Amino acid sequence: MSISANINDFKKQLGAVKVKLIAVSKTQPIEKIQEAYDAGHKIFGENQVQEMVEKHEALPKDIEWHLIGHLQTNKVKYIAPFVSVIHSVDSLKLLQEINKQALKNNRIIDCLFQVYIADEDTKFGLGYDELIELLRSEEFAELKNVRITGVMGIATNTNNQKQIKEEFYELATLFNGLKTAFFRKQPEFKEISMGMSSDYLVAIEQGSTMIRVGSAIFGVRSRKP
Ligand SMILES: *Cc1c(COP(=O)(O)O)cnc(C)c1O
């Protein structure tokens with residue numbers, strides 16, 4: 001199917017459940033993103049800073065760019081002027097740098113905490129204890145130019161549906177706990193970013209509010225991300 005047909009298909013599926021679709025365009029050429037844009041889609045996810053900067057420059061300016069990959073502190077400055085949401089905050093140090101660069105650009109940047117839910121060593125993210133400690137710290141309380149809008153997680157890369165379901169359930173449960181303990185008065189803390197091409201249906205069933213879908217829209221990637 002074509003990119004525009006895929007986009008329209010997702011729109012139809014997601015309209016009823018009010019889940020936001022992040023079209024993951026990493027490794028995809030400008031023309032393919034333009035095709036999705038022309039089909040009416042304006043939210044794209046990238047996992048590399050330089051690629052996102054180049055695409056932001058080349059494409060229409062009303063696109064919402066979401067950073068979904070690991071972010072190094074020294075690269076925050078390149079995306080701070082335009083990035084919409086950073087899904088991959090995995091340390092206080094990184095959050096402090098995002099805050100600093102947001103301030104320089106006179107912006108408030110939306111951020112999600114990436115939480116480690118997978119049964120794998122390779123994935124980035126905060127552990128539960130680490131996240132709680134961060135939220136309780138004085139340094140965190142001082143940050144005024146970042147807005148924490150929720151959590152993000154990547155499930156284990158497995159065919160075991162039960163395991164994936166449990167990992168998403170865990171993330172949703174953590175989200176609810178954090179909401180009660182730390183963000184009760186912050187209605188903007190409302191996002192659970194979970195679910196990709198292979199597991200978005202399970203993710204939605206478990207309460208996802210943002211799914212990050214690449215190959216199911218653009219086809220298989222030629223280069224490894
Ligand atoms: C690549 C990527 C996706 C999308 O993966 P697909 O399987 O192509 O849908 C989602 N989230 C993150 C963090 C990614 O790096």
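Okay, Ala23 and its partner in β2: that partner, by bridge, is Phe44. Strands here are DSSP E runs of at least two residues, helices are H or I runs of at least four residues, and both are numbered from the N terminus. What you're looking at is a predicted model, where local features need pLDDT of at least 70 and side-chain atom pairs count only at pLDDT 80 or more, while totals for chains, interfaces and linings use all residues. Residues are numbered from 1 along each chain as its sequence is written, and side-chain values use heavy atoms, with hydrogens and water left out.

Back to the strands. β1, residues 20–24, runs parallel to β2, residues 43–46, and two bridges join them. For pairing, DSSP has to find at least two bridges between the strands. To get from β1 to β2 the chain goes through helix α2, residues 30–38, and this β-α-β crossover is right-handed. By that I mean that, with the strands pointing away from the viewer, the path from the first strand over the helix to the second runs clockwise.

β1 has another parallel partner, β8, residues 210–213, with four bridges joining the two. Leu21 stands opposite Ile211 there, and Ala23 has Val213 as its bridge partner in β8.

Buried is under 20% relative accessible area, exposed is over 50%, and partly exposed is in between, with a 1.4 Å probe and protein chains only. As a reminder, side chains in a regular strand alternate between the two faces of the sheet. In β8, both faces are covered: Met210 and Arg212 are buried on one side, Ile211 and Val213 on the other.

Now the ligand. Which residues surround it? They are Val24, Lys26, Ile68, Ile154, Met196, Ser197, Arg212, Val213, Gly214, Ser215 and Arg221. The cut-off for being near is a heavy atom of the residue within 4 Å of the molecule. That shell splits into five nonpolar, three polar and three charged residues. In this scheme Ala, Val, Leu, Ile, Met, Phe, Trp, Tyr, Cys and Pro are nonpolar, Asp, Glu, Lys and Arg are charged, and the others, Gly among them, are polar.

A ligand oxygen is 2.7 Å from a side-chain N or O atom of Lys26. There's also a ligand oxygen 2.8 Å from a side-chain N or O atom of Arg221, and one 2.8 Å from a polar backbone atom of Gly214. Taken alone, the ligand exposes 380 Å², and the protein buries 89% of that. Those areas come from Shrake-Rupley with a 1.4 Å probe, and for residues only the protein chains shown count as cover.

On to backbone angles. Lys18 isn't a glycine, but it has a positive phi of about 60°. Lys18 sits in the loop between α1 (3–15) and β1, and it counts as exposed because its relative accessible area is 75%. Thr27 also isn't a glycine, and its phi is positive, about 70°.

A few more residues, then I'm done. Gln101 is in helix α5, residues 92–104, and at 6% relative accessibility it counts as buried. Its side chain makes a polar contact with the side chain of Glu97, at 2.8 Å. A polar contact is a pair of N or O atoms within 3.5 Å; within protein, one must be able to donate a hydrogen and the other to accept it, and residues adjacent in sequence count only if both atoms are side-chain atoms.

Ile164, in helix α8, is buried, because its relative accessibility is 2%. Ile164 and Ile154 are ten residues apart in sequence, and their C-alphas are 9.3 Å apart. Ile154 is also one of the residues around the ligand.

Asn157 is in the loop between β6 (146–152) and α8 (161–182), and its 68% relative accessibility is why it counts as exposed. Its C-alpha is 8.1 Å from that of Ala118, 39 residues away along the chain.
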